[in-house]
Protein chains: 2
Amino acid sequence: MGEHVAGKLLIIGGGEDKKGECIILKRFIQEAGGRESRIVVLTAATEYPRQVGIEYEKLFTQLGAQKVQVLDVADRIQANMKGSMELLDDSTGVFFTGGDQLRITGLLGGTLLGKALQKVYEQGVIIAGTSAGASVMSDTMIVGGEEGTAKKNTITMAPGLGLLRAVVVDQHFAQRGRIGRLLAAVSHNPYVLGVGIDEDTAILVDSSGKFKVVGNQSVTVVDASASVATNVSEIDPGQSLVLTPVALHILSKGYGFDLRQRSAIMDENEE
Amino acid sequence: MGEHVAGKLLIIGGGEDKKGECIILKRFIQEAGGRESRIVVLTAATEYPRQVGIEYEKLFTQLGAQKVQVLDVADRIQANMKGSMELLDDSTGVFFTGGDQLRITGLLGGTLLGKALQKVYEQGVIIAGTSAGASVMSDTMIVGGEEGTAKKNTITMAPGLGLLRAVVVDQHFAQRGRIGRLLAAVSHNPYVLGVGIDEDTAILVDSSGKFKVVGNQSVTVVDASASVATNVSEIDPGQSLVLTPVALHILSKGYGFDLRQRSAIMDENEE
């Protein structure tokens with residue numbers, strides 16, 4: 001079990017292609033076992049579980065999954081039922097849809113299903129999530145926040161699922177101009193790495209703590225661990241941030257990142 | 001004459017406060033000599049020179065300038081007239097309004113007025129510019145470009161006024177999510193520093209090559225000079241950028257930056 005990850009994660013910045021080549025979703029099925037994959041789609045985040053569930057069920061079936069089951073956890077009672085756990089136990093891949101990250105943690109946190117998720121993850125089942133399902137991966141997650149200039153009060157944070165440690169993930173990253181709020185997040189504890197994932201882009205993290213970029217846009221890593229000046233503990237909540245220097249890494253297809261070494265790596269398997 | 005600057009510049013990210021404390025515009029008048037200041041407002045960038053000219057004339061007069069004159073250069077013939085030059089020669093501060101940066105360089109580049117500007121700048125007259133008037137300060141300027149993910153084709157660049165060397169300035173920075181296009185700009189030549197200035201925020205640069213942050217939001221400096229990996233020369237124009245590592249500095253009031261040393265500094269004069 002690594003410092004950052006205990007298993008395999010596919011963290012998607014939202015808006016993944018569902019009509020064209022479906023590079024990211026295809027990769028998920030492939031990593032989950034391809035024709036032998038048994039997928040559980042968790043729709044806890046969304047207010048439209050039926051609609052979203054059917055969409056991914058159809059997609060994963062088209063992409064060659066052996067079995068796709070949608071688990072719509074409506075309340076914590078259901079999240080403590082044996083049937084839900086067994087479904088997860090039998091899976092080779094779990095997929096969290098988008099929606100509201102607080103719905104996921106509110107419904108799953110501390111339940112039997114939550115424990116089953118941690119167990120299968122540690123056993124090597126790939127856990128994927130898009131948008132809210134991406135944010136929820138880390139131990140502390142960004143719940144909301146203004147776009148624009150980095151300010152202390154531009155973010156609200158909450159405890160996430162903790163599958164990815166000492167990292168804060170943000171999604172729809174470049175599309176919604178979120179570098180300010182990611183920097184505000186890491187400024188609170190520069191030990192934590194900030195990872196901003198663009199739409200139609202994902203990071204595939206393995207248990208060695210390395211990730212590869214999958215998809216068409218970029219992944220931005222901010223590392224403030226070497227920063228010498230910040231005003232985070234002094235300033236008024238609405239005041240603008242000071243944080244210097246921060247190491248910034250702009251990564252796309254063919255590249256990746258070593259979370260332990262805090263440095264970029266090449267992905268030799270990519271053309 | 002420094003490596004980066006030959007005189008004094010006030011570079012404003014657009015949207016500076018004109019109704020409240022007017023911190024930035026007040027600072028301009030102060031640096032230009034306060035009650036002894038003689039200001040020339042250059043409206044070359046805007047399509048509404050009369051309206052914009054009157055607005056700044058009123059503002060600078062209210063803020064205590066001794067004399068404010070609006071110079072509306074409508075064509076290159078006028079930019080070569082002696083009268084325009086003499087106006088500049090007699091000034092203690094020059095202010096470029098916003099609009100379109102290509103209008104400024106197209107009208108002034110290579111004219112007598114352009115030369116007069118360079119001369120008074122080197123003699124210590126403060127040159128200020130907001131929005132398009134900010135972009136135009138550097139030797140290479142960003143003319144346009146998409147917001148969002150850093151891509152080679154997200155920017156178009158052109159030669160600027162060259163008052164600030166080896167720096168690319170971008171404005172309305174956090175408000176319009178422009179870090180991607182600034183990174184794309186510096187990736188073309190990592191020797192060049194990228195400086196992104198938020199709205200209602202400015203940098204006050206002196207001839208030693210140091211700047212201070214003035215105003216309420218942030219200034220972002222990106223320094224790719226130590227980057228070890230980039231795909232800028234390989235990728236297709238539409239492909240996403242790789243640039244790692246980049247040194248990132250988030251600065252606000254009370255802080256500044258040394259362009260030569262490429263490191264943040266404290267502004268001791270600020271509370």
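Tutor: Two strands count as paired if DSSP finds at least two bridges between them, where strands are DSSP runs of E (at least two residues) and helices are runs of H or I (at least four), numbered from the N terminus. The model here is predicted, so that local features need pLDDT of at least 70, side-chain atom pairs count only at pLDDT 80 or more, and totals for chains, interfaces and linings use all residues. Residues are numbered from 1 along each chain as its sequence is written, chains are lettered from A and ligands numbered from 1 in the order in which they are written, and side-chain values use heavy atoms, with hydrogens and water left out.

Student: In which sense do β14(A) and β14 of chain B pair, and over how many bridges?

Tutor: β14(A) and strand β14 (residues 243-251) of chain B run antiparallel and are joined by five bridges, with L243(A) standing opposite I250(B).

Student: How much area do chain A and chain B bury between them?

Tutor: Interface size is often given as the accessible area lost when the parts come together. With a 1.4 Å probe and summing over both parts, chain A and chain B bury about 2400 Å², 55% of it on carbon and sulfur atoms. Elements giving two or more residues to the side of chain A that touches chain B are α7 (179-188), β13 (229-230) and β14 (243-251) of chain A, and β14(A) supplies the largest share, nine residues.

Student: In what order do the nine strands of the open sheet in chain A lie?

Tutor: The order is β3-β2-β4-β5-β1-β10-β11-β15-β16, with mixed pairing, and β3 (67-71) and β16 (263-266) of chain A are the edge strands, each pairing on one side only.

Methods: Buried area = accessible area lost by both parts, 1.4 Å probe.
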